[in-house]
Amino acid sequence: MSKQFQFKLVLLGESAVGKSSLVLRFVKDQFDDYRESTIGAAFLTQTVTLEDQTTVKFEIWDTAGQERYKSLAPMYYRNANCAVVVYDITQTASLEKAKTWIRELQRQADPSIVIALCGNKLDLSARRQVTEEEASKYADEEGLLWSETSAKTGEGVNAIFNAIAKKLPLTAPPSARGARAAAPGTTRQNVDLNRQPTARGGEACNC
Amino acid sequence: MDEEYDVIVLGTGLTECILSGLLSVEGKKVLHMDRNDYYGGESASLNLTQFFRKFRPNQSPPTDLGRDRDYAVDLIPKFIIASGELVKILVHTDVLRYLEFKQIAGSFVYKNGKISKVPSTEVEAARSPLMGLFEKYRAKKFFEFLQGWKEEDPATHQGLNLDKDSMRKVYQHFGLEPGTQDFIGHALALYLDDDYINKPARSTYERIVLYTTSMARWGKSPYIYPLYGLGELPQSFARLSAIYGGTYMLDKPIDEIVLNKDGSFEGVRSGEETVRAKMVIGDPSYFGAGKEAEGGKLRVVEDGKVVRAICLLKHPIPGTEESDSVQIIIPQNQVNRRNDIYIAMVSSTHKVCADNIYVAIVSTIVETSAPENEIQPGLHLLGSIYDKFVTVSPIYTPVADGKQDHIYITRSYDATSHFETVVEDVFDVFKRVMGKDLELKKRESDVEQ
Ligand SMILES: Cc1cc2nc3c(=O)[nH]c(=O)nc-3n(C[C@H](O)[C@H](O)[C@H](O)COP(=O)(O)OP(=O)(O)OC[C@H]3O[C@@H](n4cnc5c(N)ncnc54)[C@H](O)[C@@H]3O)c2cc1C
Ligand SMILES: Nc1nc2c(ncn2[C@@H]2O[C@H](COP(=O)(O)OP(=O)(O)OP(=O)(O)O)[C@@H](O)[C@H]2O)c(=O)[nH]1
Ligand SMILES: [Mg+2]
């Protein structure tokens, strides 16, 4: 029987580096040249199947633009298992911003978090400002996954999510969003509000 | 900040964040600002560092409380009632997906010096010491009456008219004792005082139905609670807003509400910058609450005060069956007050504090000039208190409906035990802002799965 794992993945990086475009490519295999910054869908899921038939389901959290004025809610990072920190290879400043996010993650997130640094817009390499050497050297020093991608052509996109899936600790099936850390002795299930009310009949008086 | 917005929202409390989310979904261009560097305003949940910075700026948190980030201490004590309107909004907006909930383990009520569980099953009711044998029989008749009530079938009305007859008359009809009335009015209908007794019975009926259907939904207690604290609620609605294009700016001092020459809202000034919008929505603290009326303009008035003592314990509350979370209601008559005293307690099960710490908030509406004394009966039930942080917060209500000057002010968080009045405020502001009722239905896309 194949095993399924679910992980929370967060995207970080300066505005307009292509975070949402990467997700759109990964999840729907689409690209849009004229995307407005993130509207409507900042919570997507995609499943990756590894060679041994293990499936890894990513619950992907896009920032929804809250990072623009440094107003990301703590809820966003909470229990993130992995992070894709994106920069634009045609903008040196975006790598500096990525480094700030990585420092923030190293300080605030769970120490076991898997971080991938991703240089996007590879199709624009004619205008490259960030060299491969510079970025990969930094990633090595910090123990990060690193690769370059183009959300536009799709190059490297699946590869980076696959690399993350392989690096995640596939030991005990965690369910994303905190359920992992259920304290010993507490057996109580979380409540599922999408479940329909019990069939007790509308006004059952149960006190 | 040079763009023009449809709406500026000030303060990231739950009321403001729900509104911000709903208005963004409606297609409004929203700028949401907060003077604090954290989400939640008055309804935030703080980690230890933030918590001490707020209450004891000169003291760092004691090390034996554990890790800073294990804490999310609520500033206002409330639970979510399982069948209430907040749950409907959470489902309707699909904000649920960002949150996880656990039950509150038990609901207790104080009578004759001790606390007893509010029964959640018939077996518990039968064993409950809250009523004597005969009184239980009478109460059973009363509950059967409520359960059997059918609007269109007069045979089920036993000659009573919920819209005309007072609750007093209903109690008399069933011959219920004062102690049972306290139990029904305060522990089930969740009234904070006894004013309801002389009013038509309808709303008491509705509140008991809300309580009992909520109880029936998950058992144990009618309440649920979000993991990581109540502060997750505003954050999740803020996220909804951001997904629909809302712009968030925290840590932004708001220096002035700028008016045009007609006295209507024009913009908000922060330092040198002024942002313009068609209207502003915000919590009372951004509109002169607690300050001298500036230039004769009084926008909010004080409508009583609530005292809240946030208490850190190293044990569950005695007499609550070691419950990891509880509500305890001390009905006013039991302690010769006009208003009930509430205790709300949560713990590490809800991921709001370190293991072996219990966070209990004792609160009531202030009646005297010594508010801390008023909550003594509640503090007394907690056993030894490791540390205690007391606040007295005025409750503000806006003086105008905002239609004239396009300044829509929300209400402060009241002393009730759940968020239903917050949702009423949301509905009310939404209607004034949008000129139409907020309709809650589950969105199509969510039903698929
Ligand atoms: C806090 C609380 C909440 C409650 N909530 C609900 C609720 O939500 N829904 C609901 O249906 N009920 C409720 N009740 C009522 C409770 O459910 C019933 O008391 C319970 O079902 C037990 O009923 P019983 O008839 O088995 O036992 P009891 O009430 O303990 O005993 C009554 C028994 O004594 C007999 N009896 C009563 N009076 C006399 C008499 N004068 N002479 C001879 N025999 C007599 C009756 O026939 C009955 O069999 C509540 C009670 C309490 C205390
Ligand atoms: N040429 C090229 N353009 C890209 C690529 N990825 C994204 N873009 C473009 O870059 C712009 C910004 O992309 P988004 O995906 O919205 O960027 P974002 O990081 O999500 O931005 P915010 O949501 O504002 O934080 C859009 O115009 C995209 O079409 C890429 O790989 N190549
Ligand atoms: Mg985006």
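Predicted model: local features only at pLDDT ≥ 70, side-chain atom pairs only at ≥ 80, totals over all residues.
Trainee: What makes Phe51(B) and Phe55(B) an aromatic pair, and why is the pair called tilted?

Mentor: The ring centres of Phe51(B) and Phe55(B) are 4.8 Å apart, and rings pair if their centres lie within 6.5 Å. Their planes meet at 50°. Planes under 30 degrees apart would count as stacked and those over 60 as edge-to-face, so the pair is tilted. In total, the structure holds 23 aromatic pairs over all chains.

Trainee: Where do Phe51(B) and Phe55(B) lie in chain B?

Mentor: Both belong to helix α2 (residues 48-55) of chain B. They are 4 residues apart, about one turn of the helix.

Trainee: How do you know whether Phe51(B) is buried or exposed?

Mentor: Its relative accessibility is 1%. Buried means under 20%, so Phe51(B) counts as buried.

Trainee: What kind of pair do Phe142(B) and Tyr171(B) form?

Mentor: Theirs is a tilted aromatic pair, with 6.5 Å from centre to centre and 45° between the planes. Phe142(B) and Tyr171(B) are both buried.

Trainee: What does the pair of Phe142(B) and Tyr171(B) link?

Mentor: It links distant parts of the chain, 29 residues apart. Phe142(B) is in helix α5 (residues 133-148) of chain B, and Tyr171(B) is in helix α6 (residues 167-174) of chain B. Both residues also belong to a cluster joined by ring pairs, whose members include Phe143(B), Trp149(B) and Tyr191(B).

Trainee: What sits over the ring of Tyr191(B)?

Mentor: The charged end of Arg207(B) does, 3.9 Å from the ring centre. The distance cut-off for this description is within 6 Å. In chain A, Lys99(A) lies over the face of Tyr138(A), at 4.8 Å from the ring centre.

Trainee: Let us turn to the ligand. How do you know that Asp123(A) makes a polar contact with ligand 2?

Mentor: A polar side-chain atom of Asp123(A) is 2.8 Å from a nitrogen atom of ligand 2, and a polar contact requires a pair of N or O atoms within 3.5 Å. Asn120(A) meets the cut-off as well, since an N or O atom in its side chain is 3.1 Å from a nitrogen atom of the ligand. For Arg68(A), a polar side-chain atom lies 3.4 Å from an oxygen atom of ligand 2.

Trainee: How much of ligand 2 does the protein bury?

Mentor: Taken alone, ligand 2 exposes 650 Å², and the protein buries 90% of that.

Trainee: How is chain A built?

Mentor: Chain A has 5 helices and 6 strands. Along the sequence, they follow the pattern β-α-β-β-α-β-α-β-α-β-α. Of the 207 residues of chain A, 48% count as buried.

Trainee: Why does Lys351(B) count as buried?

Mentor: Its relative accessibility is 18%, and buried means under 20%, so Lys351(B) counts as buried. The residue lies in the loop between β16 (341-347) and β17 (358-365) of chain B. Lys351(B) also has a positive phi of about 55°, although it is not a glycine.

Trainee: Why is Asn356(B) called exposed?

Mentor: Asn356(B) has a relative accessible area of 55%. Exposed means over 50%, so the term applies to Asn356(B). Asn356(B) is found in the loop between β16 and β17 of chain B, and its phi is positive, about 70°, although it is not a glycine.

Trainee: What makes Gly271(B) partly exposed?

Mentor: Its relative accessible area is 30%. That value falls between the limits of 20% and 50%, so Gly271(B) is partly exposed. Gly271(B) is in the loop between β12 (265-270) and β13 (273-282) of chain B.

Trainee: How do you know that Lys78(B) is buried, and what does its side chain contact?

Mentor: Lys78(B) has a relative accessibility of 2%, which is under 20%, so it counts as buried. A polar atom of its side chain lies 3.1 Å from the backbone oxygen of His418(B). Lys78(B) is placed in the loop between β4 (73-74) and β5 (80-81) of chain B.

Key. Residues numbered from 1 in each chain as written. Chains lettered and ligands numbered in written order. Heavy atoms only, no water. Polar contact = N/O pair within 3.5 Å; in protein donor to acceptor, adjacent residues only side chain to side chain. Areas by Shrake-Rupley, 256 points an atom, 1.4 Å probe, with all protein chains shown as cover. Phe/Tyr/Trp six-rings, centres within 6.5 Å; stacked < 30°, edge-to-face > 60°. Helix = DSSP H or I, 4+ residues; strand = E, 2+ residues; numbered from the N terminus. Buried < 20%, exposed > 50% of the residue type's maximum accessible area, 1.4 Å probe, protein only. Lys NZ or Arg CZ within 6 Å of the ring centre and 35° of its normal.
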